[in-house]
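Have the structure open as you read.

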Amino acid sequence: MTKPDILVVGDYADYDHAPMQEAYNTWHMAEGGTLDHLPAEAFEAIRGIAFRGHSFLSGEIMDRFPNLGMIANLGVGYDTIDVAHAVSRGILVSNTPDVLTEDVADLGIGMMIAWSRGIPGAQNWITSGHWAQHGEYRLQRKVSGKRAGIVGLGRIGRAVAERLVPFNIDVSYFARAPKETPGWTHYDDIAAMAANVDVLFVCVSGGPATAGIIGKDILEALGPAGLLINISRGTTIDEPALLNALESGAIAGAALDVFLNERHIDPRFLALDNVLLSPHQSSGTIETRTRMGALQRENLAAFFAGQALITPVPE
Ligand code: 8YV
């Protein structure tokens with residue numbers, strides 16, 4: 001039986017490549033790369049795309065493949081896929097929700113503690129010899145008992161909130177309408193919530209609807225003692241406004257796993273001593289990336305078997 005043809009976009013681990021190559025005739029495109037190397041017959045043959053990355057999968061790229069029927073994204077966020085165009089052509093799109101929720105929430109909590117307790121600096125205090133020479137590390141900020149606001153109480157936002165409860169942290173959340181919660185405070189205005197919390201977690205999906213929702217006004221409301229944590233997308237924050245706020249002390253600091261222009265982030269971040277920078281690795285555990293890859297392939301397999309996708313993205 002001839003294998004179906006798929007285009008594999010982006011970098012994959014060997015444990016993802018091997019099963020893809022076994023099931024499909026694979027063609028490859030680097031993230032953000034071109035298709036110039038593909039022979040004409042590949043464009044005709046390719047019916048599925050295994051997509052990974054944060055560069056845009058445009059309608060123009062999709063239209064190079066007349067028989068494309070399915071795009072399987074490795075990741076829960078699909079803001080870099082022109083889903084509207086896919087839908088207009090009847091191309092199905094899947095993502096990998098749920099399997100990464102715990103990891104993303106874990107990293108958000110980890111960054112809150114690491115920033116507040118100065119963990120990266122504490123290691124440096126020892127390795128640079130400061131402890132031996134100068135004595136005690138500077139005092140840090142308490143985590144337990146603080147007030148946190150969650151922007152976006154979806155799967156990931158809720159998992160963050162649940163993890164905050166055992167720290168005796170008072171949880172507020174921003175959502176358009178109140179949700180079923182164990183007594184967390186609902187706000188329909190992000191600035192009003194930011195003014196009443198110590199830590200602001202950004203957990204909304206990316207895309208045009210949330211672009212720049214954390215702007216200067218919200219950072220000012222969060223204030224000089226406030227910590228901003230972003231585990232969503234770089235696009236959700238007005239980054240120049242954030243850099244200004246960090247440089248001027250308008251907020252205390254930020255712990256960021258996502259940025260604009262990844263992987264070449266604004267160099268202004270590198271000069272700051274009130275940030276914890278993380279290279280977009282919230283789902284980056286062996287266990288979770290393995291499950292994400294498996295779910296991506298299960299979706300591809302469902303499509304090629306003529307079955308319903310396991311985790312289709314909402315249209
Ligand atoms: C990346 C993510 O997709 O799931 C998401 O939306 O941002 C990440 O898990 C992952 O780095 C694979 O590229």
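N261 counts as exposed, with 60% relative accessibility (exposed means over 50% relative accessible area, buried under 20%, and partly exposed in between, with a 1.4 Å probe and protein chains only). This is a predicted model, in which local features need pLDDT of at least 70 and side-chain atom pairs count only at pLDDT 80 or more, while totals for chains, interfaces and linings use all residues. Residues are numbered from 1 along each chain as its sequence is written, and side-chain values use heavy atoms, leaving out hydrogens and water.

N261 is not a glycine, yet its phi is positive, at about 50 degrees. You will find N261 in the loop between β11 and β12 (strands are DSSP E runs of at least two residues, helices H or I runs of at least four, numbered from the N terminus). The loop between β11 (253-256) and β12 (275-277) also holds R263, and a cis peptide bond with omega of about 5 degrees links E262 to R263.

D98 is another non-glycine residue with positive phi, near 70 degrees. It sits in the loop between β5 (92-94) and α5 (101-117) and is partly exposed, at 48% relative accessible area.

## The ligand and its contacts

Residues around the ligand (a heavy atom within 4 Å) include R52, H54, L100, R233 and M292.

Which side chain has a polar atom 2.7 Å from a ligand oxygen? That is H280. A ligand oxygen also lies 3.0 Å from a side-chain N or O atom of R289, and one is 2.8 Å from a polar backbone atom of G77.

Terms used
Polar contact = N/O pair within 3.5 Å; in protein donor to acceptor, adjacent residues only side chain to side chain.
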